[in-house]
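Please open the model in a viewer and follow the stops below in order. Each stop gives a selection and then describes what is found there.

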Amino acid sequence: MSLIDAIRAKAKADVKRIALPEGDEPRTIKAAEILRAEGLAEPVLITPESIAADPQRLESYAAKLYELRKAKGLTEEAAARLAADPMYYGMLMVKMGDADGLVSGAVHSTGDMLRPALQVIKTAPGMKLVSSSFLVECANRSFGENGLLVYADCVVNPCPNAEELANIAVATSETAGKLCGITEPRVAMLSFSTKGSASHELVDKVREATEIARGLAPDLLIDGEMQLDAALVPEVAALKAKGSPVAGRANILIFPDLQSGNIGYKITQRLGGADCFAVLQGLASPCNDLSRGCSVEDIVNTVAATSAQA
Ligand code: ACO
């Protein structure tokens, strides 16, 4: 069974209510029909009309938003205005327990979806940081977990420090287990250096992050710093990182920053022909972002993944 089939099966087994703030966008409307017909989720299409149809609910959402953000200077008037915006309304719907998760991004940019998610839904208890996992299915099954790899962070954090990078590594190993069924996450902390082959403050950051992650998750197989070839190719690992429990067999790749992570997944997708899709991790309830070029099928799959996370 492919990863997406497994995720769809998980979604079907426990149908969740997923808010779709771009509820008048044609691909989203079509996706909602498919989701309903296939029993993958209960989509909640949010439009300016649906918001106006229930003024009492809007009022209670505006009050909640004011309570959440007044310490940050949000006024009651501004809260009322923002709550009527479909993106904020969707986030508040999840926050109030009227939906189990949210998917958007067919129209909005990643930042326009992430900011309200961070402000309203906030991080899960015990989590300091929201980040993302990119689920990557390669045709070459010798890589990762039978061709499946998880990359992070390719979406959220532009310049993570060592502590944040360690948090991303641990959160990604948890997503790999929960969503992808990877029972033995093997985490490579990527760099342009392998085990001291180069020295630079950027390399020091990755080395420090590896140590912090070991402290956070002592049972996790994690190693670094290492180059991509040392992480994936056993022959290179034998030369450059002998004795590493991860090198040559990594199934999780942690990139040192957002530039390398975002470029890395796009190279894998465009030149390598791999199937890739992202989920956010660390939020108190699942919210996921689409690419503006997404197809109806991409929306269906992302909603299914959001349901499975919920
Ligand atoms: N985890 C948890 N909380 C966070 C995080 C995070 N990673 N980042 C910001 N926050 C919090 C802030 O502390 C702040 O909280 P507060 O308002 O309660 O104090 C709130 O979120 C908003 O933060 P801002 O500083 O106002 O927002 P910022 O301008 O930092 O934007 C964002 C955050 C949107 C995540 C930004 O870092 C960003 O744009 N990231 C890149 C997104 C992107 O363009 N990705 C690439 C394309 S995606 C693709 O190709 C698939």
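A polar contact is a pair of N or O atoms within 3.5 Å; within protein, one must be able to donate a hydrogen and the other to accept it, and residues adjacent in sequence count only if both atoms are side-chain atoms. This is a predicted model, in which local features need pLDDT of at least 70 and side-chain atom pairs count only at pLDDT 80 or more, while totals for chains, interfaces and linings use all residues. Residues are numbered from 1 along each chain as its sequence is written, and side-chain values use heavy atoms, with hydrogens and water left out.

**The ligand**

Select the ligand and Asn-157: an N or O atom in the side chain of Asn-157 is 2.7 Å from a nitrogen atom of the ligand. The protein covers 63% of the 1000 Å² of accessible area that the ligand has on its own (Shrake-Rupley method, 1.4 Å probe; for residues, only the protein chains shown count as cover). For Val-156, the corresponding backbone distance to a nitrogen atom of the ligand is 2.9 Å.

Now display the shell, which comprises 19 residues (a residue is near a molecule or strand if one of its heavy atoms lies within 4 Å of it). Among the closest are Arg-69, Lys-72 and Val-155. Which helix gives the most to the shell around the ligand? Helix 7 does, with 5 residues; helix 7 spans 110-121, and helix 12 also supplies at least two (helices are DSSP runs of H or I, at least four residues, and strands of E, at least two, numbered from the N terminus).

**Cis peptide bonds**

Move to Ala-152 and Asp-153, which are joined by a cis peptide bond with omega near -20°. Asp-153 belongs to the loop between strand 5 (148-152) and helix 8 (162-180). Next select Gly-224 and Glu-225, where the bond is also cis, with omega about -5°; Glu-225 is in strand 7 (residues 221-226).

**Positive phi**

Most residues other than glycine have a negative phi. Asn-146, though not a glycine, has a positive phi of about 55°, and lies in the loop between strand 4 (131-137) and strand 5. Lys-195 has a positive phi near 50° and is located in the loop between strand 6 (186-190) and helix 9 (201-216).

**The last stop**

Finally, select Leu-271, in the loop between helix 12 (258-270) and strand 9 (275-281). Leu-271 is exposed, with a relative accessible area of 75% (buried means under 20%, exposed over 50%, partly exposed in between; 1.4 Å probe, protein chains only).
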